[in-house]
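Colleague: Can we go through this one together? I'd like the ligand site, then the sheet.

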Amino acid sequence: MSEYQIGTNCIQAGYTPKNGEPRVIPIVQSTTFKYDTSEDMGQLFDLESSGYFYTRLQNPTNDYVAAKIAALEGGTAAMLTSSGQSASFYSVFNICSCGDHVVSSSAIYGGTYNLFAVTMKRMGISFTFVRPDASEEDLEAAFRPNTKAVFGETIANPSLAILDIERFASAAHRHGVPLIVDNTFATPINCRPFEWGADIVIHSTTKYMDGHATSVGGAIVDSGKFDWNAHADKFPGLTTPDDSYHGITYTEKFGQEGAYITKATAQIMRDLGSTPSPHNSFLLNLGLETLHVRIPRHCQNAQAAAEYLKEHKNVTWVNYCGLPGGKYYPLAQKYLPNGSCGVIAFGVKGGRAGAERFMKELKLAAIVTHVADARTCVLHPASATHRQMNDKELEAAGVRPDLIRLSVGLEDIRDILADLEQALSTL
Ligand SMILES: Cc1ncc(COP(=O)(O)O)c(C=O)c1O
């Protein structure tokens with residue numbers, strides 16, 4: 001399907017019905033699959049033949065949707081997870097063990113920061129956080145002999161810092177490790193990180209991909225470009241026999257293009273089980289079918305809202321990737337020439353207290369712990385998603401205490417602007 005344009009792949013990729021089969025991806029709501037002999041089943045357990053046996057590992061509905069996301073990102077293989085958090089965790093844990101180290105951009109989603117800095121630290125995996133605009137020297141100094149990956153977000157939530165993907169990819173590759181990019185906010189409609197050197201892409205599909213706030217989910221996509229064997233000593237989990245799979249060596253059996261996702265499925269998903277429900281994957285697919293239509297409209301509405309806010313006397317600052325003069329505008333022009341996302345960060349008169357007052361006055365835009373769906377919504381990250389961070393950590397993540405995150409939806413822009421106006425006029 002990859003010969004089609006991305007908009008066609010949003011609708012068609014991943015599932016091609018045969019004669020007489022359902023036109024729409026079917027929901028295979030079955031935990032298990034029936035076989036005639038134990039031998040047939042044994043072959044599947046040994047990864048000697050492909051097929052389904054238990055939905056915790058694989059399910060046809062989930063696989064159709066994963067294949068669509070792989071096509072959209074231009075990758076060779078993908079898997080779905082039950083949340084974006086599990087996608088972030090699996091993407092790193094698939095190649096890191098106790099004693100390993102990861103370099104991460106400090107401008108990342110608060111939940112990812114917590115996962116890395118607290119929970120994975122307890123597992124013995126350490127992280128060095130570097131600013132997305134770190135100098136070459138500071139970036140280089142973050143690497144250690146036990147570094148196994150570099151991590152960043154294309155457009156950081158909520159600071160909207162843009163990752164210089166090429167720069168971070170070359171630093172990672174100089175040290176023989178892959179760059180993992182969370183492409184949630186940009187989506188493959190606006191940026192395809194593999195084209196800039198990233199090796200693994202992850203998503204919280206909960207956001208624009210689902211697009212309607214119905215299903216929490218995640219995805220991991222492999223570019224198939226990282227040569228694990230060239231750095232075999234760093235990645236023994238992929239390049240040496242897996243005792244829990246009868247001595248299979250993933251790179252040998254599934255090649256550079258399939259080793260990473262097969263290991264993540266056969267080993268990590270098998271043992272940790274963050275499997276999405278087939279019904280949620282069906283809903284995710286409905287979102288994907290209109291992704292290429294919705295994303296430009298999100299960007300168009302957000303651009304208009306950002307320009308409006310910038311001119312307003314009660315607004316103290318605005319950060320949006322599409323506003324000329326912004327710190328990350330040049331990188332946005334390079335990596336996101338067709339638009340960035342529907343999320344704007346800004347502050348109002350009265351600082352933190354002003355932000356709370358303004359948000360209370362909004363009528364159309366709702367206060368929700370969510371972002372990037374069809375309905376306009378707002379959040380104050382310092383008191384919600386990022387509240388576990390201290391002031392220093394907030395600053396490094398680019399989250400000012402007065403930052404309001406506005407996720408511009410798909411409503412008529414005149415109603416969105418009118419709502420902002422009436423709330424701002426109360427300050
Ligand atoms: C950029 C980004 N990555 C990952 C996540 C985690 O995803 P989920 O909430 O689906 O677990 C989020 C959630 O807001 C996010 O914004």
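This is a predicted model: local features need pLDDT of at least 70, side-chain atom pairs count only at pLDDT 80 or more; totals for chains, interfaces and linings use all residues.

Colleague: How many residues surround the ligand?

Modeller: There are 13, counting a residue if one of its heavy atoms lies within 4 Å. The closest are N157, D182, S204, T206 and K207.

Colleague: Which ligand atom does the polar side-chain atom of D182 lie 2.6 Å from?

Modeller: A nitrogen atom. For S204, a polar side-chain atom lies 2.8 Å from a ligand oxygen atom, and K207 likewise has one 2.8 Å from an oxygen atom of the ligand.

Colleague: How much of the ligand's accessible area does the protein cover?

Modeller: The protein covers 90% of the 380 Å² that the ligand has on its own (Shrake-Rupley method, 1.4 Å probe).

Colleague: Now the sheet. What is the strand order?

Modeller: The order is β1-β7-β6-β5-β4-β2-β3, an open sheet with mixed pairing. Strands are DSSP runs of E, at least two residues, and helices are runs of H or I, at least four; two strands pair if DSSP finds at least two bridges between them.

Colleague: Which strands are at the edges?

Modeller: β1 (77-81) and β3 (126-130), each pairing on one side only.

Colleague: In what sense do β2 and β4 pair?

Modeller: Parallel, over four bridges. V102 stands opposite A149 in β4.

Key:
Residues are numbered from 1 along each chain as its sequence is written. Side-chain values use heavy atoms; hydrogens and water are left out. A polar contact is a pair of N or O atoms within 3.5 Å; within protein, one must be able to donate a hydrogen and the other to accept it, and residues adjacent in sequence count only if both atoms are side-chain atoms.
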